[in-house]
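Here is a briefing on one protein chain. Please look through the sequence and the structure before reading on.

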Amino acid sequence: LLVASPYLNDPNFLRSVLLIVNHGSDGAFGLSLNRPTDQRLSDVLEMSMPMTPARADDYIFEGGPVEGPLLALHDLSDLGAPVVGHDGKTWITGDEDHLRMLLTRVDASVRFIAHYSGWGPGQLDAELGAGGWMVLDAHPELVFGHHDHIWEAAVKQCGLDVIASLSPG
């Protein structure tokens with residue numbers, strides 16, 4: 001996870017926590033986890049189902065400032081693609097059939113996200129070097145946690161990690 005430093009002043013990322021889906025020599029792709037929009041799924045998906053799906057009132061989150069498709073982060077194995085480096089606990093899909101199925105799965109942790117955050121080659125590395133972001137392992141309780149508490153919980157965890165690394169023994 002990328003956790004916005006308290007000193008990061010970019011309004012697109014103020015107090016944001018982003019799940020990095022891909023980071024390589026071509027750049028990086030990530031999704032903000034804690035920026036709900038006013039839109040609900042029922043506002044944007046054509047519902048051709050006989051009944052209203054269980055998640056129709058779920059908020060759509062803004063994944064970043066770059067225009068992009070509706071995606072879902074979830075914890076159902078083998079539905080979509082695993083998010084690399086997350087031990088098979090977080091999956092991503094934009095497939096319309098998968099999105100419709102996830103609408104009915106109240107037993108799964110799901111976050112629907114439109115738009116994304118993108119960085120060109122070396123751009124994210126430069127921001128990391130300048131101290132704009134803190135880095136934290138992505139745990140499901142943060143990835144799927146309540147959006148009002150993710151940033152604070154992530155900052156606290158970053159502080160605990162720093163203290164643990166400085167402790168002898």
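A residue counts as exposed when its relative accessible area is over 50%, as buried when that area is under 20%, and as partly exposed in between. Aspartate 78 has a relative accessible area of 67%, so this residue is exposed. The model is a predicted one. Its chain has 169 residues, and 40% of them count as buried.

**Overall fold**

- The secondary structure consists of five helices and ten strands.
- Take the contacts in the chain with a separation of 6 or more: 64% of them involve residues 24 or more positions apart.

**Nonpolar cores**

- In soluble globular proteins, nonpolar side chains tend to be buried together.
- The largest nonpolar core here holds 32 residues.
- Leu1, Val17, Leu19, Leu33, Leu73, Trp119 and Trp133 have the most contacts inside this core.
- Strands 1, 2, 3, 6 and 9 each give two or more residues to the core, as do helix 4 and helix 5.
- Strand 2 gives the most, with five residues.
- A second core of 13 residues is separate, and its members include Leu79, Leu99, Ala108 and Phe112.

**Two buried serines**

- Serine 5 sits in the loop between strand 1 and strand 2.
- Its relative accessibility is 6%, so serine 5 counts as buried.
- Leaving aside residues up to four places away in sequence, serine 5 touches Gly131, Gly132, Trp133 and Met134.
- Serine 32 belongs to strand 3.
- Serine 32 is buried because its relative accessible area is 2%.

**Salt bridges**

- The count of salt bridges is four.
- Arginine 15 and glutamate 152 pair through their side chains, at 2.2 Å from N to O.
- This pair links distant parts of the chain, 137 residues apart. Arginine 15 is in the loop between strand 1 and strand 2, and glutamate 152 is in helix 5.
- Arginine 15 is partly exposed because its relative accessibility is 41%. Glutamate 152, at 28%, is also partly exposed.
- Glutamate 96 and arginine 100 form a salt bridge at 3.1 Å, N to O.
- Both of these residues lie in helix 2, four residues apart, which is about one turn of the helix.
- Glutamate 96 is partly exposed, at 48%.
- Aspartate 107 and arginine 105 meet at 2.7 Å, N to O.
- Aspartate 107 is exposed because its relative accessibility is 54%. Arginine 105 has a relative accessible area of 26%, so this residue is partly exposed.

**Second largest pocket**

- The space in the second largest pocket is about 150 Å³.
- Its lining is made up of Asp58, Tyr59, Phe61, Val110, Arg111, Phe112, Phe144, Gly145, His146 and His147.
- Strand 5 and strand 9 are the elements that give two or more residues to this lining.
- Strand 9 has the largest share, three residues.
- By type, the lining of the second largest pocket has five nonpolar, three polar and two charged residues.

**Positive phi angles**

- Most residues other than glycine have a negative phi.
- Aspartate 78 has a positive phi, near 65 degrees. Aspartate 78 is in the loop between strand 6 and strand 7.
- Histidine 115 also has a positive phi, near 70 degrees. Histidine 115 lies in strand 9.
- Histidine 115 is partly exposed because its relative accessible area is 21%.

Notes:
Residues are numbered from 1 along each chain as its sequence is written. This is a predicted model: local features need pLDDT of at least 70, side-chain atom pairs count only at pLDDT 80 or more; totals for chains, interfaces and linings use all residues. Side-chain values use heavy atoms; hydrogens and water are left out. On a 1 Å grid over the protein atoms alone, a cavity is a set of points where a 1.4 Å probe fits but cannot get out, and a pocket is an open set with protein on both sides within 12 Å along at least five of seven lines; lining residues have an atom within 4 Å of a point. Grid points are joined across faces, edges and corners, and a volume is the space filled by probe spheres set on the points. Ala, Val, Leu, Ile, Met, Phe, Trp, Tyr, Cys and Pro count as nonpolar, Asp, Glu, Lys and Arg as charged, and the others, Gly among them, as polar. Buried means under 20% relative accessible area, exposed over 50%, partly exposed in between (1.4 Å probe, protein chains only). A nonpolar core is a set of buried Ala, Val, Leu, Ile, Met, Phe, Trp, Tyr and Cys residues joined through side-chain atoms within 4.5 Å. Contact means heavy atoms within 4.5 Å.
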